Every structure is written in C-alpha cells, then in structure tokens.
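I opened this entry to look up how the ligands sit in the protein. My notes follow in the order I made them.

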Amino acid sequence: MPYPHLLKPLDLGFTTLKNRVIMGSMHTGLEDIANSHKRMAAFYEARAKGGCGLIVTGGFAPNKESVVVQGGPIFDNEIEAQKHRIITEAVHAHGAKIVVQLLHTGRYAYSKNLVAPSAIKAPINPYTPREMTEEDIQRTISDYAQCAAMCVLAGYDGVEIMGSEGYLINQFIALRTNQRTDRWGGAFENRIRFALEVVRAVRARAGQNFIIIFRLSMLDLVEGGSTWDEVVALAKELEKAGVSIINTGIGWHEARVPTIATMVPRAAYTAVTRRMMGQVKIPLISTNRINDPAVADAVIARGDSDLVSMARPFLADAEFVNKAAAGRPETINTCIGCNQACLDHVLVGNITSCLVNPFACHELEVQVEATTTPQRMAVVGAGPAGMAAATLLAERGHQVTLFDAAADVGGQFNLARKIPGKEEFGETLRYFRNRLDALKVDLQFNRPVSADDLKGYAHVVLATGIVPRTPAIDGIHHPKVTSYIDLIEGRKQAGKRVAIIGAGGIGFDVAELLSHASPHSDDPASPVNLEAYQKEWGIDVQYGDVRGGLTAPQMPAAVREIWLLQRKTGKLGEGLARTTGWARRLLLQKRDVHMLGGVEYRKIDDAGLHIAIDGKEQVLDVDTVVVCAGQDPRRDLVQGLDALGIAYTLVGGADVAAELDAKRAIAQATEVALEL
Ligand code: FAD
Ligand code: NAP
Ligand code: SF4
C-alpha cells in the first residue's frame, strides 16, 4: 500500500478513523451565509468522497460574543442542529468522520461586544475587549457544552475545541493576555482552569463516544506566551479532562512570524509535535505547511505525530487522499501556500476558493459539462491561463492544441518558482503538465505562433500573457539596466549595489531573490531552508523557559546593498496581499533593503541611477538597475486574427495586464473554457 503510515486506520476505542489524514479547520465564509448548509454539505462531501479520514469544519461560535464578525454564525439551538444534518449525512455516506470546530474568538472578535480574560486590546483588532466577569465565564463554559450537545444532535462525530492561535482559551492560558487576580488568572493552574472546565463540560454533555480534539498552542510565537513545561503540563491535564486527540497550534494571529505562507518550508513545525509524543497517551496531530502525501507519510513514519492535518491542500484538490492511495501522487493539484484565494479572501469577507482550483467552495454553482459540439480549439500560451483553458476544454470533449513559444508549460510561473520561498509554484506546472498529457492535448512547444498558423481552428483562446513595461527614463538602455526576466532567468547577473525600479509583486520578489543570503535549496522541504527560515525569523522549536518559543533572529551578512523604489508616496508594498505582504516587507527590512517612495527617476548613466525625492536630487551609485515597472498585455496576434476572421477570446495577461495575478488568470480561463 502506498503511504502505509498515513493511510493506516486509527482506532480511538469507540470509533475508528479510516486513515490518519485530517482536513484541518478552515473558515470558508460559507458559514456566514444564511441557510448555506447545502453548499457546505457539497463542499465537505467532495472532500469525504476524496478519501479524507476526518474533517474539521470551519469555526462555529458557541455564543454571541464569540463570533468572528458581528452577525457571524452561532451554533446553539436545535433548529440549527437539524439544518446541519445534511452535512453530517453527506460526509458519513463516504465513510469519513466530521467534527465541528468550537471557536470563541475572545479579543480577536471583530465586533463591539468582544470579551476577554482581561481588557487588553489585540494589536490586530481596533476594538478593546471587556473583561469577563465570573458570570460571563460560567455562562461561556455552559455555552460550549450546549454547542457540543447540538453537534451530537446534528450527527457530528465530535468537536475540535480551538485552544490556540491566540483565541479566547489561549488568551486565558497566556500571561500576555490574562492579568486576572481571581481563580481564572495568576498562577498557571488558574490560567488553564478555563480550558479544562470547557473540556469537562463538553465531555459531560456529549458523552463518552464523542471525539474531542483540543487544538493546543504548542508554540505561541509571541512574547508572554507559554513555556514548554507549561504546554506539556496542560496537555497532561487535558488528557485527564477527557480530550481524545490533541492537535498542534502554531503561532498566534498577532505573531510577527509567518507560519503557513509559501515561504515557510514544508513540515516546518512537526518537530514541535514530536516533543510532545510520549508525554500523553492520546494521539497527536501535526500541522502547518504539509501539502504532499510523501511528506505527510514521513512525518508519521519518523514519529513526529500520529495523524497529520492538512487544510488548504483540500481546497486545491478534494481527491488528495484517493490519488495518494491509488499511487498517483503526481496527479494531485498541490496547494502552493499562496493564500491568495483562501485566507486573503476570508479577510475581506469573500468566499474562500483556491488559486489553483477555482471550483473550491463553488461545488453546487459550477458544473463541468461535456460539450455537445466538439470542435478543434487552439490555445496560444501555456502560462497559468492557457494551461487552465486547455485542460478544461479537453476535459469537456474538445480537440485541443496548446502552443507556446517556450520549451515547456508555465509562462511566468517559471520565473515565480525561481524566487526563494516560491519553489512550490513548480508543483502547479507538474500538475498541469500531467493533466494535459492525460487529456491528450496536442502540445506544440517552441512554437511562436502567428495568426496564419491558427487557420482552421473553430476558436482560439489567446493566453499570450504580457510584455514587461519599459519606462521612458533617460538612459534606460544603459548596460547597467536589466529586465527582471533576464535577471531571474540568469542571463544577466546583478552587481553588489542594485536599484530596483518598481515595487509591485515582482519588484518585491526580485528584492527577495537578490537579498537572499542564506544557503538555499529548490526543495521546499529541505532542512537547509528550514534552518535558514528559523534563524531569520527567530524561531526556537526546542524552547524551554523562554515564553512563546521566540529567540533573537540571526541575519546572515548582506550580500548586496539594494534600493527598492516606487513613484507613489507612502509605504512600499501596500498593494501586496493581506496575509503575506507584511511578512515580505518585514523580511526585506530585516535584510536592510532601502525602501524609497515618492521617487522621480531622472536618468541612468555610468554614475548610477539619478533620482529626486521631494525635489532633492541624489545619485544611487549602483552597478545594476532592474526594471520591474509593471506589464502591458501581449496582443500581437489580435490584428491578424481579426483580419482572418478567426474567432478568439483573450484571457489572463493578454486580456488585462494591470493587477494581473495567476488567480485571475486561472479563474478567467476556467470561466471561458466552461462556456466554449
Ligand atoms: P503568462 O504566464 O505570461 O504566459 C503567457 C505565455 O504565452 C508564455 O509562456 C509565452 O511564451 C506564450 N506566448 C506569448 N506569445 C506567444 C505566441 N505568439 N506564440 C506562442 N506562445 C506565446 N502571480 C500570482 O498570482 N502569485 C504570485 O506569487 C506571483 N509571483 C510572480 C513572481 C514573478 C517573478 C513573476 C514574473 C510573476 C508572478 N506572478 C504571480 C504573476 C503570474 O505568473 C502571472 O499573473 C501569470 O503567469 C499570468 O498568466 P498568463 O497565462 O496570462 O500569462
Ligand atoms: P505591479 O504590481 O503593477 O507593479 C509595478 C510597479 O512598477 C509599481 O511599483 C509601479 O509603482 C511601478 N511602475 C509602473 N509604471 C511605471 C513606470 N512607467 N515607470 C516606473 N515605474 C513604474 O506589477 P508587477 O510587479 O510587474 O507584477 C505584475 C503582476 O504580477 C502584479 O499585478 C501582481 O499581482 C503579480 N504578482 C503577484 C505576486 C504575489 O506575490 N502575489 C508576486 C509577483 C507578481 P509606481 O507607479 O508608484 O512607481
Ligand atoms: Fe493553497 Fe493558494 Fe489554493 Fe489557498 S489559494 S488553497 S494557499 S493554492
């Protein structure tokens, strides 16, 4: 059997999980839509059908103060429980188990009625919480129990009590957020009382044959978090209180350390769970940046944990487990950790989906139907848009030819994957390449296509991407100047002092590439990358008495002096994604990259790049100037196609280059391919 450790059943005494794969909790936004139970059922059913052993739902609030946002879903009554039956029945039909995450956000609630152990505002929330009274605490404990009872009624197999990421229970546990002087604060025994009382109350109401997972913050990554001895002591008390499984929590939401972004090496935190193995008898789950069945299997095989939780990988591919079990891991659409269509959506109130799988969370709305009129279709450009269009057109029964001037698929993703911390992007190319082969798409590489080549096709999807913009700066053709493409592809080398014109996504990536001093491996699971990541961010997974597992960051000596420039005034990187932009900015700051806004470009000559800020002239004495000044659509085939009367549709960068990213490219190409 492939992946024997991962796919081995786990007997919990009163119930058996068919494998060791947990789909971790994700707030998809579906929870917030009234009467969306059918949509949630379809979403979870697809993952259950895809082979997952145990699913944890998005967080549900036990009472009104605990919601993520005002008006968020509360799971406290029988009417709601009856509505959930459609979800549990759909999942159980495929032999999987499903538990509800009980989430009390405490001081993270984005509402005016928030409560917390102490009235201390979170740095990531504008609202200050009210300190909970004894009555509040008692009521909240019984609200958790009531919620668990409703989960029993709805047919759920259990609950996951969210005790990490800096939410309410975690806020009681940590000195950082608990400054009470009554029996719920002060000494460690008092601070963990709330967690234990919640578990005991839930166990008492839900009975013995009910899974209780406790998500325990094993590494807070904030000052004033727990010591390791406290974490272990709490785990032992949780076991005694009736917890069935302990899940690993890593980092509070307010932590200034990226813990799940693509820059985090694969399985970066399983060593933390490993330290807990043997301290308790109940099974442990490891988490964070595990997106591959071989990595997950190895985690269990080397004794880091008993089970593995993966969340976003199930957005990217609902069939993850079945494909692994069939010995076909190369067909898995791998989560690349970008957060662009999942967490970044949730933070602005949009429904979660997935950059590499735009069908995720839209299972009921979008159906792939076979065409009734199969035709010869040409797709020009094998970047993300072209790959998505070609595969879906072929899947629907069209006869598809995919052309690219380059030697293989990928387009600009071939550049993205060369940026340290974006190695995962290569997985998307592997996935599409295999899918195109399986669907027998006619692949024509090294073929720069002209309009004449496209005669005879019923329709052409033009996915020709972009042309990098060349700004009209005096001296822009000076030998010091290079395009980001030549630089990333290694045709041009950067000197020791570099100016980057343009601080969009690509400017930041080029700054990352040129400032990266640590040893580097192209393997996203490499121990070399792991060590460099831990040092740069000051993470100590072997922490003892130091609270929170933080240590002083160790920055390698700078390899270059870099200036990252933009014409706009204000902070650089403002347009970067919410969940990852702050970390990318912080990393460049740690590496002493100069970030200048409000720049006027005067000229480039042998002396360097001449600029002015607020009218003050200066010369940046640089060896290299890299141009990352945005992009324009590549539409050189349009005129010819119009002249020949060949029908075409523009997608991706060829359609609109401004603010283009792969999420839009793939989603738009998918929509077009569903229509043709
Ligand atoms: P492209 O990827 O540009 O592909 C166009 C293809 O068309 C090319 O392969 C080209 O060879 C081919 N072509 C053009 N004309 C012809 C012709 N006449 N005949 C044959 N073939 C032709 N996006 C994100 O979402 N997240 C990121 O983190 C991210 N990071 C990036 C990092 C870097 C360094 C770069 C450069 C880009 C990054 N992007 C990122 C942007 C992302 O790669 C693009 O948005 C995406 O590739 C656009 O897809 P596309 O299919 O429209 O075009
Ligand atoms: P971009 O994000 O639009 O940034 C272009 C930069 O160039 C801006 O800083 C802009 O700032 C500057 N600029 C524009 N016109 C200029 C001119 N004429 N002269 C000088 N400077 C000029 O584009 P990009 O960096 O090329 O990225 C392309 C797309 O890829 C982006 O839309 C992005 O979404 C995507 N991408 C995403 C990621 C990611 O991590 N999500 C990473 C890389 C790329 P000023 O006008 O203020 O100077
Ligand atoms: Fe993974 Fe990106 Fe998809 Fe989110 S959007 S599930 S991070 S690939």
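Which atom of ligand 1 does a polar side-chain atom of Asp404 lie 2.6 Å from? I looked, and it is an oxygen atom. I keep in mind that this is a predicted model.

**Ligand 1**

I stayed with ligand 1 and checked other polar contacts. A side-chain N or O atom of Gln340 is 2.8 Å from a nitrogen atom of the ligand. The backbone also takes part: a polar backbone atom of Gln412 is 2.9 Å from a ligand oxygen. I then looked up the cover. On its own, ligand 1 has 1,000 Å² of accessible area, and the protein covers 90% of that.

Next I listed the surroundings. I found 34 residues around ligand 1, with Gln340, Asp404, Lys422, Gly653 and Ala662 the closest. By class, 18 are nonpolar, nine polar and seven charged. Helices that give two or more residues include H13 (384-395) and H21 (662-675). Domain 2 (376-465 + 634-675) and domain 3 (481-517 + 557-629) each supply at least three residues.

**Ligand 2**

I turned to ligand 2 and began with backbone contacts. A polar backbone atom of Ala503 is 2.8 Å from a ligand oxygen. For Ile506 I noted 2.9 Å, again from a polar backbone atom to an oxygen of ligand 2. Cys628 has a backbone N or O atom 3.3 Å from a ligand oxygen. Taken alone, ligand 2 exposes 890 Å², of which the protein buries 78%.

I counted 23 residues around ligand 2. Eight are nonpolar, seven polar and eight charged. Helix H17 (residues 505-515) gives the largest share, three residues. Domains 2 and 3 each give at least three residues to this shell.

Key:
Residues numbered from 1 in each chain as written. Chains lettered and ligands numbered in written order. Predicted model: local features only at pLDDT ≥ 70, side-chain atom pairs only at ≥ 80, totals over all residues. Heavy atoms only, no water. Near = heavy atom within 4 Å. Polar contact = N/O pair within 3.5 Å; in protein donor to acceptor, adjacent residues only side chain to side chain. Areas by Shrake-Rupley, 256 points an atom, 1.4 Å probe, with all protein chains shown as cover. Helix = DSSP H or I, 4+ residues; strand = E, 2+ residues; numbered from the N terminus. Nonpolar A, V, L, I, M, F, W, Y, C, P; charged D, E, K, R; others polar. Domains from an automatic or database assignment.
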